[in-house]
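Dear colleague,

I am handing over the structure below, together with some notes on what was found in it. Please read the notes alongside the coordinates.

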Amino acid sequence: MILYFEVHSFTDKIFHGNPAGVCPLDEWLNDEIMQKVATENNLSETAFFVPKEDYYELRWFTPKIEVDLCGHATLASAYVLFEHFDYQGESIVFRSQSGDLTVVKKESSLVMNFPSRKASPFPAPLHLKNGLSSDFEEVHKERDFLVVFNSEQTLRDLRPNFDELGQLDCTGVIVTAPGDDVDFVSRFFAPQMGILEDPVTGAAHCTLAPYWADRLGKTELSARQVSERGGDLACRLVDDRVHIAGRAVLYSKGFLNID
């Protein structure tokens with residue numbers, strides 16, 4: 001049996017934000033078992049971490065695959081350590097496929113230090129056009145496609161064709177627009193990872209923050225992901241890093257019987 005938490009990230013209210021599974025481990029489980037746990041949980045991501053001398057190794061799994069970076073499950077893992085393991089340090093270092101990720105507790109928020117993933121202009125593939133079936137202003141690409149629309153309402157009204165988006169050569173599709181009362185809004189679709197729409201995607205803001213910083217001419221940005229559950233983030237661009245701040249709340253705590 002292993003200890004298990006479900007944490008709702010980028011919110012201070014349960015049933016909002018993005019739910020993440022968190023499994024603290026003493027040593028790594030078999031990859032196949034971790035994938036089966038994530039598939040059974042059927043959340044956007046389940047995180048697993050193992051303590052080392054002065055850092056934690058951290059991995060994330062969607063219901064279908066292991067991913068190289070995940071924001072909300074990193075936030076959830078830090079929340080578990082600070083709030084339920086009585087972690088006493090000023091910051092937590094997670095070692096991951098994307099390098100070292102630091103999380104600092106600042107008042108009521110947790111601030112993650114993530115790599116910037118600036119996207120470049122890219123011709124819109126046919127599957128992207130058919131998948132979004134709506135007029136967009138710009139297309140960029142890094143790990144994910146970044147598609148820019150002209151208004152928050154257009155983004156909220158978007159009804160993607162996931163069969164078409166699933167044919168794209170990418171991890172996911174970020175759609176974004178200027179916000180009505182925040183700097184920018186976004187949604188994130190990732191059928192390739194077994195996630196039709198992710199509620200709040202911290203890693204997407206590694207691409208969103210540098211785009212909007214350039215467009216708006218400022219480095220501190222307020223953001224909202226306008227999925228059905230929704231969530232709020234504060235981003236700050238610092239050189240080649242993006243600081244992403246959010247809150248988290250515990251939904252459940254228990255054990256998983258994997259024997």
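A residue is called buried under 20% relative accessible area, exposed over 50% and partly exposed in between, with a 1.4 Å probe and protein chains only; helices (H or I, at least four residues) and strands (E, at least two) are DSSP runs, numbered from the N terminus. This is a predicted model, in which local features need pLDDT of at least 70 and side-chain atom pairs count only at pLDDT 80 or more, while totals for chains, interfaces and linings use all residues. Residues are numbered from 1 along each chain as its sequence is written, and side-chain values use heavy atoms, with hydrogens and water left out.

Strand β4 (residues 56-61) has 5 of its 6 residues buried, so the strand is largely enclosed by the rest of the structure. Strands count as paired if DSSP finds at least two bridges between them. With strand β3 (residues 45-51), β4 pairs in the antiparallel sense over 6 bridges; the two form a hairpin with 4 residues between them, and Tyr56 of β4 stands opposite Pro51. Strand β5 (residues 66-67) is also antiparallel to β4, over 2 bridges, with Val67 in β5 opposite Trp60 and 4 residues in the hairpin that joins these strands. Strand β6 (residues 91-96), by contrast, runs parallel to β4 and is joined to it by 2 bridges, where Arg95 in β6 is the bridge partner of Glu57.

Taking a disulfide as a pair of cysteine sulfur atoms within 2.5 Å, the count comes to 0. The cysteine sulfur closest to that of Cys206 belongs to Cys235 and lies 8.6 Å away, too far for a bond. Cys206 is buried, with a relative accessible area of 0%, and Cys235 is buried at 3%.

Best regards
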